[in-house]
Amino acid sequence: MKKTAIILSALLIGAVTGIQAQTDKSPVKSKGFVAMDKQGILQPYEFERRAVGDHDILIEIMYSGICHSDIHQARSEWGESIYPMVPGHEIAGRVAAVGKDVTKFKVGDMAGVGCMVNSCGECEHCRNGEEQYCDNGKTVYTYNSREWDGTPTLGGYSNNIVVTEDFALKIPEGADMKRIAPLLCAGATTYSPLRFTGVKKGDKIAVAGFGGLGHLAVQYAVSFGAEVTVFDISDEKRADALRMGAMRYVNVNNPAEMKELGNSFRVIISTIPTNFDVEQYVNMLKVDGELVLIGMPSHDQLPMLNVEALRMRKKVMGTLIAGIPETQEMLDYSVAHNIYPEVEMLEADAEAINRAYRNVVDGKVKFRYVIDMGTLR
Ligand code: NDP
Ligand code: ZN
């Protein structure tokens with residue numbers, strides 16, 4: 001009797017989580033949303049993922065953030081993308097199955113996936129936990145990328161994902177699952193440069209572009225004790241910036257507010273997703289100041305810089321997401337310090353996602369959309 005009950009409950013859990021996919025080593029059935037071409041219009045899609053391998057986990061996706069990078073890629077704005085494309089690299093969910101050699105996760109754990117799902121693991125940068133800078137060019141991104149065998153990767157606008165445990169993140173206990181997904185990209189990408197530029201108490205820093213990434217950059221920098229100035233293109237989010245602890249908010253379209261800001265900042269983080277006047281920001285750096293360019297505009301919107309502006313020992317650099325160990329550090333830090341994105345929840349519905357894309361580009365969402373994958377039908 002007891003044995004029957006155990007078998008029955010195991011079958012029931014299997015039915016709910018899709019766990020049987022792991023036991024029979026067959027491909028995992030998935031459904032979600034796909035863009036078929038560079039128009040970038042999402043539509044419902046059914047597909048298969050690889051069977052759960054010995055080092056893999058199967059995550060039942062609960063929430064998936066919409067990053068501006070999803071839109072750039074769905075529309076082939078960074079060069080020709082790979083289609084069919086299931087976007088999504090801000091993934092949070094529950095572990096539904098584990099391969100036999102998995103040690104970091106067990107069924108039922110909360111787990112996340114960010115922008116990468118594999119890398120060589122052997123080069124200097126991979127060994128240092130900076131897999132995004134793999135010297136052998138073997139970084140595999142969560143979507144719009146290929147596994148080493150050439151299979152295209154498909155992202156998080158879907159009900160599940162199979163990933164090696166090495167590239168899955170542990171979501172700390174007590175985390176607010178509804179808001180945590182955007183940390184997997186937006187959080188990691190802004191936390192990392194604030195760390196590698198050593199932003200600390202009393203530093204005067206600025207964040208340009210106060211959207212999904214920018215509002216997290218502000219919260220981290222404030223938590224590190226910096227005096228933060230925010231630059232954006234309208235007055236709409238002034239109160240939000242001050243509420244999040246910024247000292248000052250500058251509407252770059254108001255010339256009066258742009259006065260007397262020269263030689264002001266030790267670090268400026270730009271998340272601006274389109275063309276802008278880089279020199280204007282370089283001129284606002286102190287000597288030895290650092291401008292970190294996070295925003296990755298479309299290829300026809302790339303800003304140019306007159307290098308003469310750099311002669312007062314100004315530094316301009318790019319940065320790409322964050323490595324796995326630092327992403328884990330950021331998640332732990334965020335949950336411990338109650339730092340989360342401000343999110344608008346979306347139903348898992350193609351039309352809602354397409355509308356959301358238009359709103360992100362048109363500046364009609366304040367911070368971040370998150371798709372509630374639990375509502376997928
Ligand atoms: P959002 O669209 O959410 O945020 C961009 C913000 O910048 C918006 O508030 C927008 O205002 C504002 N903005 C637009 N133009 C200007 C301007 N000229 N001056 C100041 N502010 C401006 O995008 P995300 O935060 O999701 O992404 C930002 C960029 O970062 C994207 O290009 C994305 O691809 C890139 N990215 C790069 C990564 C990396 O590893 N380097 C990782 C992740 C993202 P409004 O809302 O009014 O339009
Ligand atoms: Zn992103």
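His89 counts as buried, at 6% relative accessibility. Buried means under 20% relative accessible area, with a 1.4 Å probe and protein chains only. This is a predicted model, in which local features need pLDDT of at least 70, side-chain atom pairs count only at pLDDT 80 or more, and totals for chains, interfaces and linings use all residues. Residues are numbered from 1 along each chain as its sequence is written, ligands are numbered from 1 in the order in which they are written, and side-chain values use heavy atoms, without hydrogens and water.

Cys67 and His89 are 22 residues apart and link distant parts of the chain.

| Residue | Relative accessible area |
|---|---|
| Cys67 | 2% |
| His89 | 6% |

The protein is divided into domain 1 (30-185 + 323-330 + 337-375) and domain 2 (186-318). These bounds come from an automatic or database domain assignment. The C-alpha centres of the two domains lie 26 Å apart. Between domain 1 and domain 2 there are three salt bridges. A salt bridge is a side-chain nitrogen of Lys or Arg within 4 Å of a carboxyl oxygen of Asp or Glu. Arg243 forms a salt bridge with Glu342, with the closest N and O atoms 2.8 Å apart.

Conventions:
Helix = DSSP H or I, 4+ residues; strand = E, 2+ residues; numbered from the N terminus. Buried < 20%, exposed > 50% of the residue type's maximum accessible area, 1.4 Å probe, protein only.
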